[in-house]
Amino acid sequence: MFQHSVAFDRPEYLALLGSIPLFWIMGRRSLAGLGRARRLAALTLRTLVAAALVAALADMQLRQRSDGLTVIYVLDQSLSIPAPQRRAMLDYVRATLEEHADPSREDRFGVVAFAREAEVEAPPTSAGSQSPARIESLIDAESTDIGSALRRARAMFPRNAARRIVLITDGNENAGDAHREARAATDAGVSIDVVPVYLPPRSEISVEKIDAPPQVRKGQPFSLRIVLFHQGAGDGAKPIAGRVQAVRKAAGRQTTIAEDAVTLGLGKHVLTVRQQLDEADFYTYEARFVPDDAGADGTPQNNEATAFTSVQGLGRVLLIENSERRGEFDRLADRLRAQDIDVTLTATDRLFGSVAELQRYDAVLLANVSRSSVDDADSSASFSDEQIEMLVQNTREMGCGLVMLGGPDTFGAGGWANTKLEQAMPVDFQIEASEAIPVGALSIVLDRSGSMQGEKLAMSKAAAIEAVRAMGRRDYISVVAFDEVPTRVAPLQRVGNNAWAARRIDQLGPGGGTNMYLGMAEGFAELRMAPAAVKHMIVLADGQTPPANFGKLVRDMRSANVTVTAVAVGQDANVALMRDVAATGGGKFYLVRNPRGLPRIFMREVRRVAQPLVFEPQTPQTPFAVADHEILRGLEGGVPPIRGMVLTSVKENPLVEVALRSPQPVDQKNAAVLAAWTYGLGRAVAFTTDAGSRWASAWTEWEGYDRFFGQMVRWAMRPTGANADVAVTAERRGEQIEVVATSTAEVGEPFDGQAVAARALGPDFEPIPIAMSQSAPGRWTGRLPAKQQGSYFMAVQAGGGGLVRTGINVGYSAEYRDRETNLALLESVAGLSARDGLPGKLYRQGLDVDAVHETNANDPYRRDLPPFWSSQSAWPWLVVAGSCLFWFDVFARRVQFDLAWLGTLATRWRDDAAGRRAGADDGQAMARLRARKREVAEQLVGQGAGYGPGRRETATSSAAAAEVFAASPGPPPGPTRPTGTGSSDEMATLPEGETDTPTGRLLKAKRDLWRERQA
């Protein structure tokens, strides 16, 4: 299968080989003194050195040809393709492999699944391997990016085979650029075949959009346009009957503005609804189509659309108060309304649920509200992490003001420490390096018995971790878990960065039985050692516990100034006991039916430990002005005294402006009363005392009360009407949103050349930067990705003026817009020719597996691509070889040696070989002699054994003689008398009669053998 050849990338250097004959011509004269043999060796080596260097200069390449073919199947798994056809793609892959792939020729295949992103389902492997039975990769199917899939497939190919991509898709891309990536692949030598996925014909009604102006003036009539589209199943599609509903949402109210029965034929339809808005607000319009026959509409997901419209008016603020103390800020709300500030008053049990709801407000006031203010375990009167994120991002990205008014339930005392809200404020909610200020200690005692396994233990751990994170760094924390015995999960120590305690709590697992008494006793022992002003225990259990003297234990805790809160999880807990523990311990009792309510309870209880942050001096303190801030403008004579405040720490940031400070505490870093700063596009204000209900009661009669709070709120509010001559629109285009800012000024110059800044907030509350560029006189455009479903809000600031906001809702994926196969794109991709090859093919039979077996036209393994050649540069090896040969060349010319010694060595070797052969012959003769001796010895022994018992001694001596005879190599000794010649024939014979004895016969045999050898 593989073939090898040599090529040169710079063949012009091969002309230097013509100089090699000059080496021989010049060498015959210059090397004449070396002798014929040495001269020939030197010239040969010199020729080889020159040839190696010339080949290296010509960049010699070792090439290897491969006839194998690697095919990467790229499978579209987006939502625009029905699930049965997505599954049929794998059957198609399997059929083509069985029918056309040839593993003996090193054919390979791979699989890439894609939608929004591409994932490798099977890397390139032998075509004889089993193809995937199902798609295992987790892919976001809300979008189609064919280009990224082609790019991923191209990167997968091995380097030793021809390459082809088989793209299986409906061609409906809504992200990326498929044609550009296909062109890049074919330019790299990759052929692309396309298998179209034909979408089944179906009737489809979609609400494409609501066309509404993003900003209108109060009382200005305008038209709301609802655009619907009917895609029929063929030319004979019937009209679809249904109802179009349009609603308007604002201020928590929903109003139906239109509901009409319609019958929609094929094509586009536009319904117009006239509107006039008489109140300044941020309005949300929703349109929905409801078919009479649900089966007549193929995809219900695209039957809704949303649009936003804002009406500028007086500044509007949202004032949130504690649900447990309603009416506490009614006076403040009335005084703000008297200054033409529209105030919406709500409580913590009726909080906002989306960023869209916050867009109607120019500022949000948190008036003495804690993070969690629950009356019972199942109450929802608390801020979730998502709602906190909405507040923060609405300030930073959309320019809304954020004001926190003090009180004993706010800032660090309200459980807001270590939250995103703290990041948005000009002060930190924890105090540092102030040993004179007391701290708190909290002991959390958790039931870890077997009945707590699962959600109850998981939520208990989550609640404990949240409580630890809400505590100050100087506070003390202890965590004890109990089953039959108590375990110190986190021994008592300062909270610090709280990560250590969170890790230990998270590692807690379920145990066995339940003994709450031992757990409480262990927690009490920990709290005894805490040098804290406030000590509190939270004990949680879900079952019965053995009888014990709980009354005495809790009374001892109260004597040590330790309060106890009891949390019973489920009806199986000893509710009566837990209620008595809380009542005696000076805490609160909670009966929790849903474990998900535990974090809110723990967040409320941790506020007890934060009470040292509440500073109430013995005598009222009069705050003094630190800087000439806009909030204090026109307030002559200073501000009245206050009787308390919440201690905070001013952020070390040059943007922070401290306007008022209290003379006490001594550490002035913790004594800020009024601080403000710019946070992103918005502004944030921290006022650490209250608005007159408890600590600032003297302020309510102060003549500057209205001016002070009015200027505070107006300073924080989002500017309104500053860019009345700028209109901002947003429109969805595929997987992007296009934002357009247009000058509407009738006189003067438009904002050409001025800086236009824009930012967006996505459905996940993550900020999205928008790069705005001028596209025409008075017109700026920018784009942002719209990969998620939900509401996107944009804020545009032109020429340093105020913010202009708009929004757009991505109600459904672009996949639900695609109703037909995009054959035009698929044909253009298949028509691209690979480098040095033919164009790809469009398999018009689609995913028909039978067509794969019936015809070779749909053969992705056809051999119409040029064979793949892999090359490896050989110049490093040539340089090394030339260097070695040059060394031998120098040796041959500089070192003289005689080869005569080779002849002597050869002669000696031949002689040694002959001697070894002769020795081998003598050895064979001696081996035969010894064998004969053994044979004779055995015969003699046998004869001696036949003499009977009376001759045993003789037989024994005969055997011994035989052994001696067999071992001796020469003639037998004995009674022979040489006659002088030394021959065996001249030996004297034994006396008559002695030859019949064993010894005589032995000697006779010895003589006979000797004669035989001599012969």
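This is a predicted model: local features need pLDDT of at least 70, side-chain atom pairs count only at pLDDT 80 or more; totals for chains, interfaces and linings use all residues.
1. Strands E8 (204-211), E10 (221-231), E15, E34 (726-733), E35 (736-743) and E41 (803-810) each give two or more residues to the lining. Which of them has the largest share of the lining? That's E34, with six residues.

2. Now for the largest pocket, which holds about 820 Å³ of space. You'll find 34 residues along its lining, and those closest to the centre are Gly252, Ser354, Ala356, Glu357 and Leu358. Several elements give two or more residues here, including strand E11 (240-250), strand E14 (282-291), strand E15 (304-311) and strand E40 (790-798). Helix H7 (355-358) is on that list as well, and H7 gives the most, with four residues. By type, the lining of the largest pocket has 18 nonpolar, ten polar and six charged residues.

3. Rolling a probe the size of a water molecule over the atoms shows where empty space is left. How many cavities of 30 Å³ or more does the structure hold? There are seven. The largest cavity has about 120 Å³ of space, and of its 14 lining residues, Val311, Gln312, Arg360, Asp362 and Arg805 are the closest to the centre. Sorted by type, the lining of the largest cavity comes out as four nonpolar, five polar and five charged residues.

4. Count 1.5 Å a residue and the 15 residues of H10 should span 21 Å.

5. What lies over H10? Its buried residues are Leu457, Met459, Ser460, Lys461, Ala463, Ala464, Ile465, Ala467 and Val468. Their cover includes strands E21, E22 (476-482) and E24 (534-541), along with helices H11 (499-506) and H15 (598-609). Turn to H11 and you'll see Trp500, Ala501, Ala502 and Ile505 as its buried residues. The cover of those H11 residues includes H10, E22 and strand E23 (486-494).

6. Have a look at Ser443 too, which sits in strand E21 (residues 440-447). Is Ser443 buried or exposed? Ser443 counts as buried because its relative accessible area is 0%, and the cut-off for buried is under 20%. Setting aside residues up to four places away in sequence, Ser443 touches Ser478, Gly523, Leu527, His536, Met537 and Ile538.

7. Last stop is Leu75, in strand E3 (residues 69-76). Leu75 is buried, since its relative accessible area is 0%. Apart from neighbours within four places in sequence, Leu75 is in contact with Met89, Leu90, Val93, Val111, Val112, Ala113, Phe114, Ile135 and Ile168.

Definitions and conventions. Residues are numbered from 1 along each chain as its sequence is written. Side-chain values use heavy atoms; hydrogens and water are left out. On a 1 Å grid over the protein atoms alone, a cavity is a set of points where a 1.4 Å probe fits but cannot get out, and a pocket is an open set with protein on both sides within 12 Å along at least five of seven lines; lining residues have an atom within 4 Å of a point. Grid points are joined across faces, edges and corners, and a volume is the space filled by probe spheres set on the points. Ala, Val, Leu, Ile, Met, Phe, Trp, Tyr, Cys and Pro count as nonpolar, Asp, Glu, Lys and Arg as charged, and the others, Gly among them, as polar. Buried means under 20% relative accessible area, exposed over 50%, partly exposed in between (1.4 Å probe, protein chains only). Contact means heavy atoms within 4.5 Å. The expected span of a helix is 1.5 Å times one less than its number of residues.
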